Amino acid sequence: MGITIGMALVDFIPVVLFFISAVILQRELYPYLVKGAYSLLAAGPIMVFVGGFFKALWKLLYGLNLCDYVLLNHSFFPMQGPGFVLFFMGLAGIWYKGKKKDVVAFSAVPVVFVSSLPFIIMQVIGLGGSQIVLAIVGVKKGNKKAALLFVLAFICMLGMGYLGAKFDDSSSMNWLAQVVNIFSMGFFLLGTLSVKKSGFDIHK
């Protein structure tokens, strides 16, 4: 596998972009979410960040010829899949208008399977669902720009899925996948910043 130091460092970029978006959403949505939903919104991105960080770290160690610690790579899908689902569940709590004590928080414990397919499905549902929720919030607040940015992020995410199906471990495929992922998380961050300006209170 043609992993270089530069490729490994670039792999940290989408991880950081998503985490910045998540922190912004956590700060802005705190007044509007019940405790259970906010707990999921806080826990999910941590799992996503750790999974992405571990994979990027594995690439860096591999690129530096220090070691091939594959467990860092294998933890990627089991951490990110459930993490994105929790993130989605937390964001969906913005539609809830009841009392805080009426909500029960759910939890997910990632288990390492031989197949990564269940976790890929979780990633698509979790991240895609989160983008849809935020796009709807943007539309409800009259912010079509934010909605468009989340749609673009969603399209890039589907592109990542396609590349994953065609992945051949070549250096060019690695770079292409990283560029698409950076665009996806970049659009996600720009959409988050845009909807932040219009506000999140959809019940007014």
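What follows is a short tour, from the overall layout down to single residues.

## The big picture

First things first: this is a predicted model. Out of the 204 residues in the protein, 43% are buried.

## Helices 1 and 2

Start with helix 1, which covers residues 5–29, and helix 2, which covers residues 35–63. In general, two packed helices are described by the angle between their axes and the distance between the axes. Here the angle is about 170 degrees, and the axes are 8 Å apart. That makes helix 1 roughly antiparallel to helix 2, because angles over 145 degrees get that label.

What kinds of residues make up the contact of helix 1 with helix 2? There are 20 nonpolar ones, along with three polar and three charged.

## Rings that pair up

How many aromatic pairs does a search of the whole structure find? The count comes to 12. A pair of aromatic rings is described by the distance of the centres and the angle of the planes.

Take Phe18 and Phe188: their ring centres are 5.9 Å apart and their planes sit at 35 degrees, so this pair is tilted. Phe18 belongs to helix 1 and Phe188 to helix 7 (residues 171–198), so the pair links distant parts of the chain, 170 residues apart. Are these two buried or exposed? Phe18 counts as buried at 2% relative accessibility, and Phe188 is buried too, at 0%.

Now for Phe19 and Phe49, whose ring centres are 4.7 Å apart with planes at 40 degrees, so that pair is tilted. Phe19 is in helix 1 and Phe49 is in helix 2, so the pair ties together parts that are 30 residues apart in sequence. Phe19 is partly exposed, with a relative accessible area of 27%, and Phe49 is partly exposed at 27%.

## A cluster, and a charge over a ring

Phe18 turns up again in a cluster: ring pairs link Phe18, Phe84, Phe87, Phe150 and Phe188.

Another ring to look for is that of Phe76. The charged end of Lys55 sits over this ring, 4.5 Å from its centre.

What lies 3.0 Å from a polar atom of the side chain of Ser21? It's the backbone oxygen of Leu17.

Arg27 is found in helix 1 as well, but its setting is another story: Arg27 counts as exposed, at 67% relative accessibility.

## Over in helix 5

The last stop is Phe119, which lies in helix 5 (residues 117–140). Phe119 counts as buried, at 3% relative accessibility. Along the chain, Phe119 and Met79 are 40 residues apart, and their C-alpha atoms are separated by 8.4 Å.

Methods: Residues numbered from 1 in each chain as written. Predicted model: local features only at pLDDT ≥ 70, side-chain atom pairs only at ≥ 80, totals over all residues. Heavy atoms only, no water. Axes fitted to C-alpha atoms, helices over the stretch in contact; angles between N-to-C directions. Helix = DSSP H or I, 4+ residues; strand = E, 2+ residues; numbered from the N terminus. Parallel < 35°, antiparallel > 145°, perpendicular 65-115°, else oblique. Nonpolar A, V, L, I, M, F, W, Y, C, P; charged D, E, K, R; others polar. Phe/Tyr/Trp six-rings, centres within 6.5 Å; stacked < 30°, edge-to-face > 60°. Buried < 20%, exposed > 50% of the residue type's maximum accessible area, 1.4 Å probe, protein only. Lys NZ or Arg CZ within 6 Å of the ring centre and 35° of its normal. Polar contact = N/O pair within 3.5 Å; in protein donor to acceptor, adjacent residues only side chain to side chain.
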